[in-house]
Amino acid sequence: MVFQDFDHIQERRRMERERKFRKRVTIGAISAFVLVVLIAASVFAAVTIPKKNKSDKPKEVSKVGKLIATVCNVTEYKNSCNDTLTKAVHQHPTGLEPRQFLKYAMAAASEEAGKAFIKINGLKFDDPKEQTACEYCKELAEQAKGEFDRSLGGVVLKESFGLRNLTSRASDLKSWLSAVISYGEMCSDAFPEGQTRTDMEKLWTVTKHLTDNSLALVTQFTNYISSMDLKDQQTGRRLLQEANGHSVDNEVPLVTEETNGHSVDDYIPPEWMIQDQLHSGRHLLEEETNGHSVDDYIPPDVVEQTEGHSLDEEGFPAWVTAGDRRMLAQPGHSNRPKPNIIVAKDGSGNYKTVSEAIKAVPKQFPGRFVIYVKEGIYDEKVVIPYGMSNITMYGDGSQKSIITGNKGVKDGLLLHQTSTIQILGHGFMAQSIGFRNTAGASKEQAVAAQVQSDCAIFINCRFEGYQDTLWVATHRQFYKKCMIIGTVDFIFGDAAALFQNCVLQLRKPNDGQHNVITASGRVEANEATGIVIQNCKIVAHESLKAAKNSVKTYLSRPWKDLGRSIIMESTIGDFIAPEGYVPYRGNKGINTVFFAEYNNKGPGAGTSKRVKWSGVKMVKNKNNIWYFTAKPFIQGDWISKLGIEVHFGFYSN
């Protein structure tokens, strides 16, 4: 009888705990709903309900003003943000949702870009070089318009878009909006130093500032929604623990702050960034698009959604589709896709030049268009135009199938005109091909490859030049098992570029010059860009080995004020100068860049004599550099389902 009574007591206690648990959940849900309703009602009343007493107007305005000030507090250009949102709210008094604020901010940036485009179209220059730069600016302004069209029309203005699925598209928006800022910088940089360049910088200033504000809001809203999801999970877990009589004193506190890349000493990556199945917004996106990305350069028939975030065990990003992965993983021909076009210098293919093959690509083509470049040296200028998406190009080997050029700025050309190949269309892939510029050190800046493609992939490729060999200009780029050869700033630009398992080889530069590996073009605090070198080898070319005692070689320099370069888990040769970094122009940028090293090895990896700039970080804790691994840096939340085991970021434990 005692045991039976005890069982009844236990049962009553269990039922009471469950009743209390349900009551707490119900009260919590009702309270949250009431709070949201009250906030919405108060804001709505402040903006939309007319008041007979004019003295109340400052109070009404202050309520909206406080709301806008709160939203704009995360931006770099708060006055511009306040002006933009205040104007928009006056025009649309009922549009006070965070989603609407994001739309207003991006629309304002797009409008300013349109104004800049109109002004650029009206410019005429007597100097031929300046006129050429102006024509280039027109092309870049058109591309900026394309990025805004994709960001607004493709994502934010969709009726089905809401903050809950912003987390699934945040990395896309960050990539596209960051590219707009890059285009503005590339435009002004095309002009020689002087008043014209200054005027062109001013022309783009407002667009860049408003775009950076939009980037800040994307990040803030994404973090907010993610933290709310985590809190929902933690609240449910805590209630369950209480209901089951367990202690919650040891719960890990939620961390929601994210670094802008200026300092990592105290940075702890937010927990939400390392959860595999966190955001309910993903399910909304999957329902909207059948589980596929809506980007035009990733066809629905080859992309599937996944919950994985990082590189797989063979080192590919998760957004590499299964078919592309099979093609890229194999060095031989047996698993390569059937080409749509064959290029052969000897006439055994469809065309004798790569440029002819590119011109033959149809405007509308489902899936990938595959070009096979047979062994040979193709001396030509190749352009993959903006709007030509999903081109796959493979050869017989990076030293067998070679696209080459020999133009440098000393030929009287602008930098982009020296490029042997310009890759502007999104979703470009290349394997086992060489890209070369043989202009030599004497012609100074001479680009082998200029890459602006979003989600570009290069496997077993070779980039060979001297100064400015590889221009990682914009968007997300991934390089695996590639060889990059050069002298000064030979990996430069404003992309989010990740290099893994690559060889970076330094040549002897011109007499009186020093070598620099990277030059990041990042100029705004919220750009999701940087150059990351992971698990690579930094070695000396034979020409440098003989001169390494007289030629200094540095890891990076502050070309732009907020440049971001990270070298981690790599082997660094003994020819790297102990100070590691060199100024670009006096003290410009030395305290605002973010140059980091983590867990490198080799005779040049010692950090005791590195420069003592505020912008240079010797990172000891891998958690403080985790953001720059493949998982968060180039993938974000658009991911494809590969059904394979993922590799989480670091090579070493």
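These notebook entries record what I looked up in a predicted model of one protein chain.

**Entry 1. Ground rules**

I number residues from 1 along each chain as its sequence is written.

**Entry 2. The chain as a whole**

I began with the secondary structure, which comes to 12 helices and 28 strands. Both are DSSP runs, numbered from the N terminus: helices are H or I with at least four residues, strands are E with at least two. I then looked up burial and found that 54% of the 653 residues count as buried. Buried stands for under 20% relative accessible area, exposed for over 50%, and partly exposed for what lies in between (1.4 Å probe, protein chains only). For contacts, meaning heavy atoms within 4.5 Å, I took the pairs at least 6 apart in sequence; 71% of these join residues at least 24 apart.

**Entry 3. Helices H3 and H4**

Two packed helices are described by the angle between their axes and the distance between the axes. I noted that H3 (residues 78-91) and H4 (residues 98-121) have axes that come within 9 Å and cross at roughly 115°. The axes are lines fitted to C-alpha atoms, for helices over the stretch in contact, and the angles run from 0 to 180 degrees between N-to-C directions. H3 and H4 are therefore roughly perpendicular to each other. The classes are under 35 degrees for roughly parallel, over 145 for roughly antiparallel, 65 to 115 for roughly perpendicular, and oblique for the rest.

I recorded the crossing of H3 and H4 as right-handed. A crossing has this hand if the near helix is turned clockwise from the far one by less than a right angle, and is left-handed if anticlockwise. From H3, Thr84, Leu85, Ala88 and Val89 meet Phe101, Tyr104, Ala105 and Ala108 of H4. I sorted the residues of this contact into seven nonpolar, one polar and no charged. Here Ala, Val, Leu, Ile, Met, Phe, Trp, Tyr, Cys and Pro count as nonpolar, Asp, Glu, Lys and Arg as charged, and the others, Gly among them, as polar.

**Entry 4. Helices H4 and H6**

I next followed H4 to helix H6 (residues 163-189), where the axes are 13 Å apart and the packing angle is about 15°. H4 and H6 are therefore roughly parallel to each other, and their crossing is left-handed. H4 contributes Pro98, Arg99, Leu102 and Met106 to the contact, and H6 contributes Leu163, Leu166, Leu173 and Leu177. I counted seven nonpolar residues, no polar and one charged in the contact of H4 with H6.

**Entry 5. Asn515**

I located Asn515 in strand S20 (residues 515-520). Asn515 counts as buried because its relative accessibility is 0%. What does the side chain of Asn515 reach? It reaches the backbone oxygen of Arg507 at 2.9 Å. I also found a polar contact of 3.4 Å between the side chains of Asn515 and Thr553. A polar contact is a pair of N or O atoms within 3.5 Å; within protein, one must be able to donate a hydrogen and the other to accept it, and residues adjacent in sequence count only if both atoms are side-chain atoms. Lys552 is 37 residues from Asn515 along the chain, with the two C-alpha atoms separated by 6.3 Å. Leaving aside neighbours within four places in sequence, Asn515 touches residues including Thr487, Val488, Leu544 and Tyr554.

**Entry 6. His475**

I placed His475 in the loop between strand S14 (470-472) and strand S15 (476-480). His475 is buried, at 3% relative accessibility. A polar atom of the His475 side chain lies 2.7 Å from the backbone oxygen of Gln452. Beyond four places in sequence, the contacts of His475 include Glu147, Trp176, His426 and Asp454.

I noted a phi near 55° for Asn535, a positive value in a residue other than glycine. Asn535 sits in the loop between strand S21 (530-534) and strand S22 (537-540), and is partly exposed at 26% relative accessibility. Asn599 has a positive phi near 55° and lies in the loop between strand S26 (594-598) and strand S27 (616-619). I recorded Asn599 as partly exposed, with a relative accessible area of 40%.

Key: Predicted model: local features only at pLDDT ≥ 70, side-chain atom pairs only at ≥ 80, totals over all residues. Heavy atoms only, no water.
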